[in-house]
Amino acid sequence: MTWLKDKISSPSKLNKSSQFDWDWVLVWVLRIMAAITGAIVLLIVIFLILESLPFLQVKGIGPFFTDQRWNPTEGLYNFTPMLWGTLLATMGSVVVATPLGIISALFCQYYAPVAIGNLYRRLIELLAGIPSVVYGFWGLVVLVPLINRLHPPGASLLAGIIILTIMILPTIALVADASFGKVPQEYLLGATSLGLSKWGTICNVVFPAAKSGLFTGVILTVGRAIGETMAVLMVCGNVVETPSSIFDPIRTLTANIALEMAYALGNHRSALFVSGLALMAIIVLLAVAAEVITVTSSPVTKNS
Amino acid sequence: MTVTNLDNLQATTQESVLMRTEQLSLSYGKKIAFEDVSIAINQSKITALVGPSGCGKSSFLSCLNRLTDLIDNCRVTGRIFLEKWDVMNRQIDTIALRRRVGHIFQKPNPFPLDLWKNFAFPLKEHGVKNRQEIDLIVERVLKDVGLWHEVKDRLKDSALALSGGQQQRLCIARALALEPEVLLMDEPCSALDPISSGVVEDLIASLRQKYAVLVVTHNLAQAKRIADYVGVFWVRDNRGKLIEFGEAKQVFESPQHDLTAAYISGHRG
């Protein structure tokens with residue numbers, strides 16, 4: 001930080017010429033880094049589009065919904081069962097994880113003693129850092145046999161939902177914790193000084209104030225759940241069919257890409273890229289939605 | 001010094017004392033915020049606490065409705081009475097206490113809800129569930145703070161859309177809606193522009209009729225204009241002390257303490 005200090009204490013140009021301008025170097029390093037990061041995202045999107053184009057140009061998007069089933073070797077490309085798989089696994093896990101995550105954040109912020117709250121927060125952060133393959137491994141060895149005893153075959157939508165719930169729970173809990181942390185202390189003081197109960201204050205003041213942060217958190221989590229491949233692939237059975245019960249095996253779009261890309265050729269390969277492009281588009285839409293919610297519906301930022 | 005305090009206490013007990021403290025001290029960890037403060041708050045009077053920053057005036061206010069309970073390492077000793085009620089008793093119902101002792105903060109803190117809900121939520125929590133009843137109370141207290149005509153058509157708008165002065169009057173109205181007996185005000189005008197500040201000051205002066213008001217202020221001129229009683233806090237040995245307490249007229253015209261004299265004449269503080 002010395003260069004910054006030098007610059008602040010000696011803004012005159014005379015002084016500047018006598019020493020090397022580190023600020024200039026720093027600014028350019030940062031600019032180049034930022035440009036590279038942006039370029040990577042753009043290149044990935046362009047690459048996805050280019051690889052998808054052969055299929056889209058020849059067949060359009062019709063076959064993905066109208067073909068009889070997914071069997072690329074016979075030239076059948078129906079995505080619908082896998083779309084359902086992805087959708088159900090994602091929605092199921094988000095619906096279960098959201099209330100759990102929010103409750104755990106409430107505990108952390110408002111009910112736990114400071115020391116326990118901090119310890120608990122560290123644990124949740126640790127949970128977020130566990131590699132997904134470890135979750136998958138645990139799911140395969142513990143969860144799937146357990147569900148199998150309840151209702152064979154075990155590898156199922158339910159297993160996927162449970163694993164995904166555990167994986168996205170820390171994200172929701174941490175984002176919710178952060179948005180509760182941003183609720184101004186004055187609201188809580190004001191509520192307490194009016195003799196209001198803690199739970200009443202949480203329902204009537206904290207939730208409205210933290211609403212946009214919570215929404216953003218949930219949306220980002222949906223993105224993570226959609227993109228999760230490894231653990232889901234390990235516990236879901238990967239049979240390409242639209243599930244009719246929670247105990248049926250599913251294959252998600254991401255798992256499909258991971259499973260087939262190694263040997264896919266021609267149209268098959270291109271079709272897989274189309275599904276990748278679709279996933280990318282969903283994530284972009286979710287990110288935009290999160291941004292819109294943050295900008296428009298935050299009463300706290302409106303105030304300041 | 002304690003002697004003067006007790007003398008003054010005696011003088012004020014002639015009238016109807018609603019709330020009083022005896023040798024109240026507060027410390028955050030090892031740091032003593034203020035020490036040995038005894039004052040009386042009279043019914044239908046405005047009591048002003050003046051003094052330089054950091055001498056524990058705001059902390060003192062927070063003791064009176066046990067808002068200090070929220071602070072982890074904070075220890076309060078001494079006694080506080082609201083009429084015959086021992087406020088320091090751990091067993092008392094703090095919700096009932098806070099309903100009787102309202103608190104207005106330096107920075108206006110309306111809830112991020114619409115205006116109507118700012119009243120409806122606390123009222124509902126305190127058992128007023130009937131819509132019409134809430135509407136009547138909202139109209140009454142908003143008229144009391146002179147905000148009714150400014151906002152009666154926008155009760156569904158966010159309270160955060162109001163100006164600072166309006167927000168502060170809203171907060172005062174919100175406290176009044178619970179029909180408190182004592183109002184604690186922590187520099188209620190200092191975050192406002194001069195015009196809003198004047199409006200809120202007039203409002204505080206008018207509250208005297210119905211409530212016992214304890215107001216902390218940096219603004220000596222304001223204390224002079226509105227206060228019936230004045231307490232002067234000062235920092236000594238790195239801790240806040242009440243160096244003088246008495247009728248406003250007497251404190252301003254013939255202060256008994258040298259520091260008070262220097263402070264009100266503008267030589268110190």
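1. Confidence in chain B. This is a predicted model. Chain B averages a pLDDT of 88. In chain B, 94% of the residues score at least 70.

2. The mean pLDDT of chain A is 88. Here 91% of the residues reach 70 or more. One stretch needs care: over residues 300–304 of chain A the pLDDT is below 50. That stretch still has six contacts in the model beyond near neighbours in sequence. Where pLDDT is low, the predicted coordinates should not be read in detail. For the complex, the predictor gives an ipTM of 0.83 and a pTM of 0.79.

3. Overall form of chain B. Chain B holds 11 helices and 11 strands. Its C-alpha trace spans about 55 × 45 × 35 Å along the principal axes. Why does a radius of gyration of 18 Å agree with a compact globule? Because a compact globule with 269 residues would have a radius near 18 Å, and chain B has 18 Å.

4. Inside chain B. Of the 269 residues in chain B, 47% are buried. Now take the contacts in chain B with a separation of 6 or more. Residues 24 or more positions apart account for 69% of them.

5. Domains of chain A. Chain A is divided into domain 1 (2–60) and domain 2 (78–303). The centres of domain 1 and domain 2 of chain A, taken over C-alpha atoms, are separated by 32 Å. Their contact takes eight residues from domain 1 of chain A and eight residues from domain 2 of chain A. On the side of domain 1 that touches domain 2, six residues are nonpolar, one is polar and one is charged.

6. The contact between the chains. How many residues does each chain bring to this contact? Chain A brings 20 residues and chain B brings 23 residues. On the chain A side, helix H9 (185–193), helix H10 (198–227) and helix H14 (299–303) each supply at least two residues. The largest share of that side, six residues, comes from H9(A). By class, the chain A side has 10 nonpolar, eight polar and two charged residues.

7. Nonpolar cores. In soluble globular proteins, nonpolar side chains tend to be buried together. In this model, the largest nonpolar core has 133 residues. The residues with the most contacts inside this core are A:Ile163, A:Val235, B:Val182 and B:Val213. Helix H8 (residues 157–181) of chain A gives the most to this core, with 16 residues. Apart from it lies another core, of 11 residues, including A:Phe55, A:Tyr77, A:Leu253 and A:Ala271.

8. A closer look at A:Val235. Leave aside residues up to four places away in sequence. A:Val235 then touches, among others, A:Gly136, A:Leu140, A:Val144, A:Ala159 and A:Ile163. A:Ile163 is also among the residues with the most contacts inside the largest core.

9. A loop residue, A:Pro72. Where does A:Pro72 sit? A:Pro72 is in the loop between strand S1 (70–71) and strand S2 (76–77) of chain A. A:Pro72 counts as partly exposed because it has 17 C-beta neighbours inside 10 Å; a buried residue needs 20 or more. Beyond four places in sequence, A:Pro72 touches A:Tyr77, A:Ala264, A:His268 and A:Ala271. A:Tyr77 and A:Ala271 are among the residues of the 11-residue core. A:Pro72 and A:Leu272 are 200 residues apart in sequence. In space they are 9.9 Å apart, C-alpha to C-alpha.

Methods:
Residues numbered from 1 in each chain as written. Chains lettered and ligands numbered in written order. Predicted model: local features only at pLDDT ≥ 70, side-chain atom pairs only at ≥ 80, totals over all residues. Contact = placed C-beta atoms within 7 Å. Helix = DSSP H or I, 4+ residues; strand = E, 2+ residues; numbered from the N terminus. Nonpolar A, V, L, I, M, F, W, Y, C, P; charged D, E, K, R; others polar. Domains from an automatic or database assignment. pLDDT = per-residue confidence, 0-100. Buried ≥ 20, exposed ≤ 12 C-beta atoms within 10 Å, placed from the backbone. Core = buried A, V, L, I, M, F, W, Y, C linked by C-beta atoms within 7 Å. Rg over C-alpha atoms; globule rule 2.2 N^0.38 Å.
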